[in-house]
Amino acid sequence: MNYQAAGPVAELSYGDPWSIAGGLHAGALIANAMARQGAAPSKGASSGTFFKGTGGFVSPYAGIGFRFNRNELRLFVKPVFTFGDSDRGGLSDFSAWFGGIRYAFTL
């Protein structure tokens with residue numbers, strides 16, 4: 001299943017040079033999936049089942065970072081909660097936590 005999502009982000013941060021931040025990322029998503037019946041053919045397309053659904057997501061997040069000159073590095077954690085389409089079984093509830101490193105350059 002493939003998810004594509006986009007939406008605005010609202011964030012508050014405090015501190016210099018070390019900072020803490022929190023925010024909310026929310027928006028819309030499109031999910032699609034394909035399943036093939038039987039073995040894959042050696043050439044050409046194969047028949048199967050296709051699903052496409054729409055929904056939304058909400059993702060609050062928190063992070064800690066370090067600002068230097070006009071740059072910032074931040075470690076963050078972010079849960080993602082999905083909701084939406086219920087046709088043909090609906091969207092898979094893939095809500096999960098993930099984390100990462102963010103780099104920002106201020107203008």
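**The nonpolar surface patch**

Modeller: This is a predicted model, with an average pLDDT of 85 and a score of at least 70 for 91% of the residues. The protein has six strands and zero helices, so that, by the assignment used here, its elements run β-β-β-β-β-β from the N terminus on.

The patch lies on the surface and is formed by Tyr14, Trp18, Ile20, Ile64, Phe66, Phe68, Leu73, Leu75, Ile101, Tyr103, Phe105 and Leu107. Together these residues have about 1,400 Å² of accessible area. At least two residues of the patch come from each of β3 (18–36), β4 (48–68), β5 (71–84) and β6 (96–105).

One member of the patch, Phe68, is found in strand β4. Its relative accessibility is 31%, and phenylalanine 68 therefore counts as partly exposed: the class lies between buried, under 20%, and exposed, over 50%.

Buried residues account for 23% of the 107 residues. The radius of gyration is 19 Å, whereas a compact globule of 107 residues would have one near 13 Å. Along the principal axes, the C-alpha atoms fill a box of roughly 60 × 30 × 25 Å. Among contacts with a separation of 6 or more, 56% join residues 24 or more positions apart.

Notes: Residues are numbered from 1 along each chain as its sequence is written. This is a predicted model: local features need pLDDT of at least 70, side-chain atom pairs count only at pLDDT 80 or more; totals for chains, interfaces and linings use all residues. Side-chain values use heavy atoms; hydrogens and water are left out. Patches are made of residues with over 30% relative accessible area and no salt bridge: like charges are joined within 9 Å, nonpolar side chains (Val, Leu, Ile, Met, Phe, Trp, Tyr) within 5 Å. Accessible areas come from the Shrake-Rupley method with a 1.4 Å probe; for residues, only the protein chains shown count as cover. A salt bridge is a side-chain nitrogen of Lys or Arg within 4 Å of a carboxyl oxygen of Asp or Glu. Helices (H or I, at least four residues) and strands (E, at least two) are DSSP runs, numbered from the N terminus. Buried means under 20% relative accessible area, exposed over 50%, partly exposed in between (1.4 Å probe, protein chains only). pLDDT is the predictor's confidence in each residue, from 0 to 100. The radius of gyration is taken over C-alpha atoms; the globule rule is 2.2 Å times the number of residues to the power 0.38. Contact means heavy atoms within 4.5 Å.
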